[in-house]
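Biologist: Hello! Could you walk me through a structure, one question at a time?

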There are 2 protein chains.
Amino acid sequence: MSTFGFDLLSTDATTSARRARIRTSHGDVETPVFMPVGTRGTVKGVTTPQLVEIGAQIVLANAYHLYLRPGVDVVRDIGGLNAFMNWEGPTLTDSGGFQIFSLSKTLTHTDDGVRFQSIVDGSWHVWTPEENMRIQQDLGADIAMVLDVCPPYPAEETEVADAVRRSADWAARCKAAHDCEDQALFGIVQGGVHAHLRAESVERTVEIGFPGYGIGGYSVGEPHDLMLESLAPVCEALPTDAPRYLMGVGNPTTMLQAIGLGVDMFDCVLPTRTARTGTAFSSTGRMNLKNAQYARDPGPLDPQCACPTCASYSRAYLRHLLVMKEMLGAILLSVHNLYFLLDLTRRAREAVEAGKYEVFLRGWLDGPGAEDY
Amino acid sequence: MSTFGFDLLSTDATTSARRARIRTSHGDVETPVFMPVGTRGTVKGVTTPQLVEIGAQIVLANAYHLYLRPGVDVVRDIGGLNAFMNWEGPTLTDSGGFQIFSLSKTLTHTDDGVRFQSIVDGSWHVWTPEENMRIQQDLGADIAMVLDVCPPYPAEETEVADAVRRSADWAARCKAAHDCEDQALFGIVQGGVHAHLRAESVERTVEIGFPGYGIGGYSVGEPHDLMLESLAPVCEALPTDAPRYLMGVGNPTTMLQAIGLGVDMFDCVLPTRTARTGTAFSSTGRMNLKNAQYARDPGPLDPQCACPTCASYSRAYLRHLLVMKEMLGAILLSVHNLYFLLDLTRRAREAVEAGKYEVFLRGWLDGPGAEDY
């Protein structure tokens with residue numbers, strides 16, 4: 001029997017923000033939640049005890065990357081994703097649909113499935129929705145995602161429409177093929193920035209019926225305003241009794257705006273990727289810690305932050321590490337950036353509970369960090 | 001008043017191994033001890049809480065590297081090495097003598113000092129023994145080392161003899177210039193693999209008088225046997241009431257042999273450097289974790305090891321991380337390799353306390369790990 005569940009705890013007084021709880025056999029996830037991304041089964045530069053320390057609730061991995069290396073059978077035989085990564089909490093795997101379409105130089109997709117070339121060694125692979133379900137079930141995450149078709153941005157409207165229809169067909173086949181009771185399978189809504197295609201995608205996906213819904217096809221280069229405009233009706237149209245997961249979005253401002261529209265879950269590589277280049281989120285907007293202005297600065301990265309990095313290290317030290325390309329620089333900044341988003345969503349949860357999300361969001365949008373979207 | 005002290009607690013029954021305690025204002029150091037190296041003020045890939053977790057007692061940094069970047073004044077103004085690195089325990093800085101001679105492409109040294117080119121930007125710098133003392137006092141470690149002259153191996157005997165005499169002259173000038181009461185200044189014995197030059201160096205350095213003695217000029221490419229042969233009389237000639245520090249040595253077998261000769265302190269970049277290439281110390285000798293034989297191996301790196309890496313991760317996962325060049329691979333192997341040497345010296349201390357060091361050493365030398373020297 002599936003242990004997956006979703007409890008809607010409260011809804012904000014004046015926005016569509018929700019406070020909810022996702023139940024899995026590896027523990028509960030309090031939403032709204034930001035999920036650190038461990039693409040290849042590791043959140044880059046951060047150990048799992050560090051993830052626990054900074055309050056991560058659920059970790060994401062990618063079926064595409066793990067399928068190519070080390071191979072799904074390796075992960076399965078070690079005991080699945082939790083044992084492989086040494087992470088005891090809930091997990092989610094993306095199907096790899098987005099990665100096939102964004103990373104592969106050459107691919108063909110038909111109604112039956114997609115044929116793509118490995119980014120690792122150029123070998124050819126064929127995925128059908130059924131094969132993808134087998135892969136994600138072997139990985140054994142608490143939440144799996146359907147195999148979808150992700151058009152680039154910009155794309156011809158006909159291409160986006162085809163993606164919506166094929167994604168819906170594949171979603172139905174995924175649901176039919178999925179037979180792991182202890183894993184929840186989420187549908188994915190496509191449709192780009194076209195309101196009527198988003199509406200069609202919601203209708204078709206909800207008709208199939210899933211315990212949760214990903215909202216894909218955003219964060220691919222579309223203008224910020226167009227994204228928010230088309231996201232609002234998607235949230236309104238999705239069922240209230242299932243989690244809504246805005247895929248690939250994790251910049252502070254967009255995340256807070258989307259929470260206000262009723263989104264529950266987020267993931268993004270941004271915090272760790274920008275950390276490796278020396279860029280930190282902060283309460284006053286992004287900072288490039290390699291900047292010479294920090295060379296002798298004894299203060300913490302962000303005086304308003306309670307993360308382990310801000311508690312113990314000076315800007316001068318962080319700059320030194322980053323300029324000298326010392327691993328510890330990327331590690332400490334990754335910890336900070338992840339904490340920043342985890343803490344931001346924690347404060348968002350508190351605001352929704354208090355029925356004051358509008359004030360919280362307005363405070364952020366009026367503050368110096370709002371430029372970061 | 002100096003807080004530095006050295007207590008000889010016990011001497012082994014049948015070898016020259018010693019069990020002692022070094023006292024500093026940042027805490028005690030139980031010897032024999034392996035000191036993790038944080039050349040630029042960071043033990044590569046490892047956080048200071050992780051160093052505490054695996055039992056590191058004292059951390060080393062290098063005056064040469066910190067002088068070039070970020071600059072000694074930066075470290076001093078942040079509050080010294082402890083505050084800069086976020087490390088509360090004892091620290092030691094090497095003078096940089098070895099680095100000047102091994103890393104600089106062009107340098108000139110006269111009786112007065114050494115003129116060398118920066119490895120970072122090619123700029124020219126002049127260090128006298130007096131200037132080096134100012135630098136190390138500003139860095140503020142518990143233990144500083146005299147500025148010495150390190151000939152390469154092989155070198156003409158006359159060159160080694162010159163290095164011995166100039167090192168002794170500089171040691172005297174360092175002692176005269178050193179006026180930081182809360183920092184202990186160690187002398188350094190040179191002399192290569194020449195017994196009579198080592199004897200001369202010991203005599204001259206001890207005549208000046210220091211609270212501890214480095215033994216330098218080894219681990220520069222000389223044959224293992226020649227090193228041990230010339231090391232034994234050096235240890236015999238050094239005073240028993242001061243710590244002996246074999247500089248730059250940290251492979252398991254040589255370390256255990258040197259402990260048997262009466263050495264108390266060791267440092268080496270080997271554990272973290274080899275970790276970054278995928279090589280691990282183990283109770284059965286070195287392992288290359290990138291090897292295909294580990295691709296599906298569910299067991300721990302070293303079943304006899306109690307480190308955090310061996311407690312929680314499979315060989316298959318470590319191999320996956322290392323092959324994919326994920327940062328976490330280097331991090332987890334660095335933690336393991338450091339723990340391995342820290343634990344080995346901890347067990348050596350127990351053996352000396354029990355008066356059974358000879359049995360302990362013989363056990364290692366007869367075992368499969370002994371190849372690792």
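Biologist: Where in chain A is the place of A:Ile119?

Modeller: A note before the answer: this is a predicted model, where local features need pLDDT of at least 70, side-chain atom pairs count only at pLDDT 80 or more, and totals for chains, interfaces and linings use all residues. Residues are numbered from 1 along each chain as its sequence is written, chains are lettered from A and ligands numbered from 1 in the order in which they are written, and side-chain values use heavy atoms, leaving out hydrogens and water. Strands are DSSP runs of E with at least two residues, helices runs of H or I with at least four, numbered from the N terminus. A:Ile119 sits in the loop between β8 (114-117) and β9 (124-127).

Biologist: Why is A:Ile119 called partly exposed?

Modeller: Buried means under 20% relative accessible area and exposed over 50%, with partly exposed in between (1.4 Å probe, protein chains only). A:Ile119 is partly exposed because its relative accessible area is 43%.

Biologist: How many salt bridges cross the interface of chain B and chain A?

Modeller: A salt bridge needs a side-chain nitrogen of Lys or Arg within 4 Å of a carboxyl oxygen of Asp or Glu. A:Glu326 and B:Lys44 form one, with their closest N and O atoms 2.6 Å apart. Across the interface, the rule finds eight.

Biologist: What area is buried between chain B and chain A?

Modeller: Buried area is the accessible area (1.4 Å probe) that two parts lose on being put together, summed over both. Carbon and sulfur atoms give 61% of it here, and the total is about 3200 Å².
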